[in-house]
Amino acid sequence: MSQQFDVVVIGGGPGGYVAAIRAAQLGFSTACIDEWKNDKGGPAPGGTCTNVGCIPSKALLQSSEHFEHAGHAFADHGIGLDNLSIDVAKMLSRKDTVVKQNNDGILYLFKKNKVTFFHGRGSFVKSADGGYEIAVAGAANESITGKHIIIATGSNARSLPGAPFDEQKILSNDGALRIGAVPKRLGVIGSGVIGLEMGSVWRRLGAEVTVLEGLPTFLGAVDQQIAKEAHKAFVKQGLKIELGVKIDKVTSGKSAVTVTYANANGDAVKLEVDKLIVSIGRVPNTIGLNAEAVGLKLDERGAITVDDHCHTNLPNVWAVGDVVRGPMLAHKAEEEGVAVAERIAGQHPHVNFNTVPWVIYTSPEIAWVGQTEQQLKAEGREYKAGTFPFMANGRARAMGDTTGMVKMLADATTDEILGVHIVGPFASELIAEAVVAMEFRASAEDIARICHAHPSLSESTKEAALAVDKRTLNF
Ligand code: FAD
Ligand code: NAI
């Protein structure tokens, strides 16, 4: 007889493993199935985020930023270094260690919370009495049943037609995190989040990086005042960014990749690079799930169709994270995973998409929450804007990192904060204050009245709030 669980989670990325832990905390017998393998064939839970996404990319961003600081910024502090070098193999092996620590951490959390972990691929067999039968294809082929099923199977990188990933020269995020030596010439197609983060890593280490973007606007979803400031900084650092291109063909030769494209003026251009990262978005992953067996509905993009509560078209089948609509972010997946577990327990959780923060971990970092100025204009909403540059912030000056600003947008009448947009040092950390403020529907004046430590970068958020009312103190 197959093992029976109250909740079976398919996928052990941030959506799935967190849903499993929360379900177990709520008293459900819970299983989590994940198929990711480490290089020894063992389990590596954590999904894209832990294995080839958030965590390894941030490890390489950190290493390459240290290298860049050592090569450029240290001299200003009076620190001299001769014969600076980068050991790429060591940098990659450190990254792998960080990944493994996270994999192991999740296995430990499963044990701690009494989540039964299955290493293998989960697929629907049929609806069974009061639930669903799920086959697990792994080292041991088994079959389990769950009263509730939570699907958290994530997403895969989208390839360019006619240019499949070989992970040697044409790279997805996976290959981009494993380049064994600094390429002389690196091409990147897509100036989105991955393109800018991975392009930054390899540029800092010495690659000549050219980023080709299809849209005419740089970071179109980002507040354009912030995007322009970031663009200026990236170009100054040496990233070549071409907007409004149309990719014609990608040809992989023996040692190089040639990209033929029309530039914004319509001229035909040929770019030859040693490695090409293709980062043009991701597609929801339902491969191998056997969704047809139970009639699970997908939309035209291949995402699992869900309602506002992540409920699919099938009773007691839920889906969260990258495999459903909404931003493809680890913390969004986690929030949905927790909410679904709580909903199964009869609670009434709510995921507020308007307060999901975004961060791009470049230097300067870019972070935002809520609406952009262009969105408010398009809506015809009356708003007030306040900005404060890091140039006028004492801590930023002491750190020697004064690029960028904090920008706050508030309702013209009620003063409620509608959006906060940051480009600059530690924007990823600073944005948390704005998220809290917006969750509590704070006004700009609320932030302006709160005592912020001095000297700290967070004083810039307070000053931006003061600027909404045209009364900055330090600018
Ligand atoms: P995933 O993390 O993709 O996990 C899905 C898991 O399910 C995988 O382990 C997969 O093997 C498993 N699986 C799939 N099908 C089956 C099956 N049938 N049976 C068993 N297991 C299955 N987001 C951020 O918020 N911050 C960042 O800094 C960030 N950086 C990123 C950097 C890169 C390079 C990339 C590619 C992504 C990044 N993301 C970041 C996005 C983030 O990784 C995803 O939004 C997040 O991982 C989605 O979580 P998930 O649980 O939905 O899916
Ligand atoms: P993206 O959606 O961020 O950017 C893709 C870019 O490619 C867009 O600017 C798009 O206009 C462009 N593009 C699409 N097709 C093109 C074509 N044919 N030619 C030229 N340009 C083209 O996608 P990306 O960078 O692949 O990342 C996928 C997702 O992963 C992100 O949207 C994000 O959700 C997540 N992610 C999050 C990170 C973070 O939170 N820091 C880091 C990395 C990824």
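In β5, glutamate 133 has threonine 145 as its bridge partner. The model is predicted, so local features need pLDDT of at least 70 and side-chain atom pairs count only at pLDDT 80 or more, while totals for chains, interfaces and linings use all residues. Side-chain values use heavy atoms, with hydrogens and water left out; residues are numbered from 1 along each chain as its sequence is written, and chains are lettered from A and ligands numbered from 1 in the order in which they are written. Helices (H or I, at least four residues) and strands (E, at least two) are DSSP runs, numbered from the N terminus. Two strands pair if DSSP finds at least two bridges between them.

**Strand β5 and its partners**

- Strand β5 covers residues 142-151, and seven of its 10 residues are buried, so the rest of the structure largely encloses it. Buried means under 20% relative accessible area, exposed means over 50%, and partly exposed is in between (1.4 Å probe, protein chains only).
- β4 (residues 131-138) pairs with β5 in the antiparallel sense over five bridges, and a hairpin of three residues joins β4 to β5.
- β1 (residues 3-10) pairs with β5 in the parallel sense over seven bridges; here glutamine 4 stands opposite threonine 145.
- β16 (residues 317-319) runs parallel to β5 and is joined to it by three bridges, with isoleucine 151 opposite alanine 319.

**The sheet β11-β12-β13**

- Three strands form an open sheet in the order β11-β12-β13, with antiparallel pairing.
- β11 (246-252) and β13 (268-273) stand at the edges with a single partner strand each, so one side of each has no neighbour in the sheet.
- From one strand to the next, the twist averages 20 degrees; axes are lines fitted to C-alpha atoms, for helices over the stretch in contact, and angles run from 0 to 180 degrees between N-to-C directions.
- β12 (residues 257-262) and β13 are antiparallel and joined by six bridges. Valine 257 stands opposite valine 273, and alanine 262 stands opposite alanine 268.
- The hairpin formed by β12 and β13 has five residues between the strands, and glycine 266 in the turn has a positive phi of about 90 degrees.

**Ligand 1**

- Ligand 1 is surrounded by 38 residues, the closest being Asp34, Thr48, Lys58, Gly122 and Asp322. A residue counts as near a molecule or strand if one of its heavy atoms lies within 4 Å of it.
- At least two shell residues come from each of α1 (14-25), β2 (30-34), α2 (47-52), α3 (54-73), β3 (115-128) and α8 (330-344). The largest share, four residues, is supplied by α2.
- Oxygen atoms of ligand 1 lie 2.9 Å from a backbone N or O atom of glycine 15, 3.3 Å from a backbone N or O atom of cysteine 49 and 3.2 Å from a polar side-chain atom of histidine 331.
- Taken alone, ligand 1 exposes 1,000 Å², of which the protein buries 94%. Accessible areas come from the Shrake-Rupley method with a 1.4 Å probe; for residues, only the protein chains shown count as cover.

**Lysine 184**

- Lysine 184 lies in the loop between α5 (173-176) and β8 (185-189), and it counts as exposed because its relative accessibility is 59%.
- Not counting residues up to four places away in sequence, lysine 184 touches Ala207, Glu208 and Asp274; contact means heavy atoms within 4.5 Å.
- Lysine 184 and lysine 275 are 91 residues apart in sequence, with a C-alpha to C-alpha distance of 8.7 Å.

Definitions and conventions. A polar contact is a pair of N or O atoms within 3.5 Å; within protein, one must be able to donate a hydrogen and the other to accept it, and residues adjacent in sequence count only if both atoms are side-chain atoms.
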